[in-house]
Amino acid sequence: MKRKILALAVALLMLLSLAACGASGRTPATSPDNSAGSTAGNSGETPDTPTEKEHFTLRMVRVGNIQDPTKDRILLELQERLNFTLEIISIPWEQFPSQMQMMVATGDPIDLLMCSPDTTFYEWADEGMLYSYEELLQMGDYPLCESVVNADICKELANPSDGLHYGKAMATPTNAWGPVIRTDWLEKLNLEMPETIDDFYNVVRAFAEADLDGTDAGGIDMRIGGAQNDGSALGIFGYIQRAFNLNPGDFNFIENDDGTLSLWNTSEGAKAAAEFIRKLLAEGLLNYDFATMPQESDQGRYADDFAAGRLGIGWTSNPGLFMEKLKAANPDATMAYLPPVTANGSVPKNSGGGVGYWYVHAIPKTCENPARVMEVLEYGLTNEGRELTLFGIEGVHWTDRVINEDGSRVYTINTEECAKDWDISANGLRYPM
């Protein structure tokens with residue numbers, strides 16, 4: 001079966017904006033569709049192609065990987081194109097911070113690290129355990145990586161002690177987390193989309209009390225979303241906290257009425273948000289066992305719960321999967337993202353990850369061939385590299401591509417071939433790497 005899907009290419013557009021606002025001295029070439037090209041000074045061809053160079057092994061540490069680089073055809077294609085062997089050390093989401101930090105601290109040989117730019121990260125930089133990108137960019141011609149590192153929105157990633165960049169921002173993925181709501185349930189109960197925190201409470205309570213889809217539904221499911229980088233913004237909790245004009249996170253300060261600064265979690269807003277969450281728990285509107293439930297990166301089981309009507313509000317990074325399962329169970333069902341709500345009439349804070357990136361790519365000093373790793377990162381930012389890692393191999397996973405005037409793309413997807421390389425029932429038609 002072949003399906004046409006519209007790819008808005010959020011990640012590609014983000015990279016374009018990074019290149020536009022952050023290039024310093026060199027401008028990445030553009031392809032005919034006006035997006036970032038492979039490298040500067042050519043028409044999509046990559047000079048000094050990595051496949052002409054000696055084979056090397058890239059040992060990468062990342063969180064929640066479910067693809068096998070020895071069997072997955074997309075990863076095999078990537079390795080063949082760039083003449084390297086990819087080894088992925090995958091750490092479960094709930095164990096990622098501690099295990100990753102232990103590997104770095106003990107000098108485990110790592111070539112590429114996916115991590116959060118937190119306090120420990122900058123301590124590694126100060127201790128000389130990471131390459132700075134200022135040094136890495138001198139090892140070859142990497143215009144796309146350079147444009148990301150020097151982008152205006154990435155200035156805050158500079159190490160406070162020396163002003164250097166030890167992480168390259170990873171584009172906010174097209175599967176950013178957010179709350180989704182059963183809009184057909186709103187219609188059945190004659191309710192409007194919530195705008196305030198009180199509206200939100202009334203909707204959650206109505207969902208929990210009503211017999212919708214013939215099930216005893218809960219208002220909100222806390223199992224999806226899991227702990228974010230520092231564990232302080234737990235899925236829907238962060239959504240609620242932002243309603244109280246908070247931006248959850250260890251390093252987020254707020255300004256008090258007297259002009260002084262306080263950590264967000266000691267503020268009056270934080271206390272009010274905690275009391276609201278306590279109220280939801282006390283009234284049985286949240287499942288009590290959320291804290292002991294592991295985060296599942298594929299979200300298939302939670303999409304099944306949403307489709308079966310066991311909850312009216314979910315937390316997901318894969319709305320397409322939720323919609324597909326929902327429509328299969330109930331063709332008349334509808335859903336939408338839940339917009340921000342406010343508790344005091346002010347504009348709600350955006351999420352801590354709403355700045356255009358989430359994790360960073362860092363190259364530890366244990367890396368044996370940093371220049372070649374940079375070539376892989378550079379290729380990953382090209383049209384060709386992004387297309388491969390988002391939609392798969394042309395002629396296999398997709399067979400046709402139409403680029404519209406607004407830059408969006410329509411791909412004809414071969415679902416049978418996609419299903420051979422990843423679980424499309426759990427992850428949808430977008431490659432889950």
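**Note on the predicted model**

1. Asn202 is located in helix α8 (residues 197-209); helices (H or I, at least four residues) and strands (E, at least two) are DSSP runs numbered from the N terminus. With a relative accessible area of 44%, Asn202 is partly exposed; buried means under 20% relative accessible area, exposed over 50%, and partly exposed in between, with a 1.4 Å probe and protein chains only. From C-alpha to C-alpha, Asn202 is 9.1 Å from Leu191 in space, and the two are 11 residues apart in sequence.

2. The model is predicted: local features need pLDDT of at least 70 and side-chain atom pairs count only at pLDDT 80 or more, whereas totals for chains, interfaces and linings use all residues. Residues are numbered from 1 along each chain as its sequence is written, and side-chain values use heavy atoms, with hydrogens and water left out.

3. The mean pLDDT of the chain is 77, and 74% of its residues reach 70 or more; pLDDT is the predictor's confidence in each residue, from 0 to 100. Helix α5 (residues 133-136) has the highest confidence, at 97, and helix α1 (residues 10-22) the lowest, at a mean of 36. Over residues 6-51 the pLDDT is below 50, although this stretch has 93 contacts in the model beyond near neighbours in sequence; contact means heavy atoms within 4.5 Å. Residues 221-233 also stay under 50, with 43 contacts beyond four places in sequence. Where pLDDT is low, the predicted coordinates should not be read in detail.

4. The chain contains 16 helices and 16 strands, and 50% of its 433 residues count as buried. Of the contacts between residues at least 6 apart in sequence, 70% join residues at least 24 apart.

5. An open sheet of 5 strands, with mixed pairing, runs in the order β3-β2-β4-β14-β5; two strands pair if DSSP finds at least two bridges between them. Its edge strands, each pairing on one side only, are β3 (84-91) and β5 (168-171). On average, neighbouring strands of this sheet are turned by 25° against each other, direction ignored. β5 pairs with strand β14 (residues 357-362) in the antiparallel sense over 3 bridges, and the bridge partner of Ala169 in β14 is Val360.

6. Helix α13 (residues 370-380) lies across β2 (56-63), β3, β4 (112-115), β5 and β14, and runs at about 60° to β2. Axes are lines fitted to C-alpha atoms, for helices over the stretch in contact, and angles run from 0 to 180 degrees between N-to-C directions.

7. The largest nonpolar core has 66 residues, and those with the most contacts inside it include Leu58, Phe121, Ile363 and Met374. Such a core is a set of buried Ala, Val, Leu, Ile, Met, Phe, Trp, Tyr and Cys residues joined through side-chain atoms within 4.5 Å. Beyond its neighbours within four places in sequence, Met374 contacts Tyr133, Leu136, Leu137, Tyr142, Cys145 and Ile363. Another core, of 33 residues, lies apart from the largest one, with Ile197, Tyr201, Ala208 and Ala273 among its residues.

8. In helix α12 (residues 319-329), the buried residues are Leu321, Phe322, Lys325 and Leu326. Seen down the axis of α12, these fall within an arc of 125°, so they line one face of the helix; the arc is that of the directions from the helix axis to the C-beta atoms.

9. Strand β15 (residues 398-403) and β16 pair in the antiparallel sense over 5 bridges, and Trp398 has Ile413 of β16 as its bridge partner. The two strands form a hairpin with 5 residues between them, and Gly407 in the turn has a positive phi of about 90°. Strand β16 (residues 409-414) is largely enclosed by the rest of the structure, because 5 of its 6 residues are buried.
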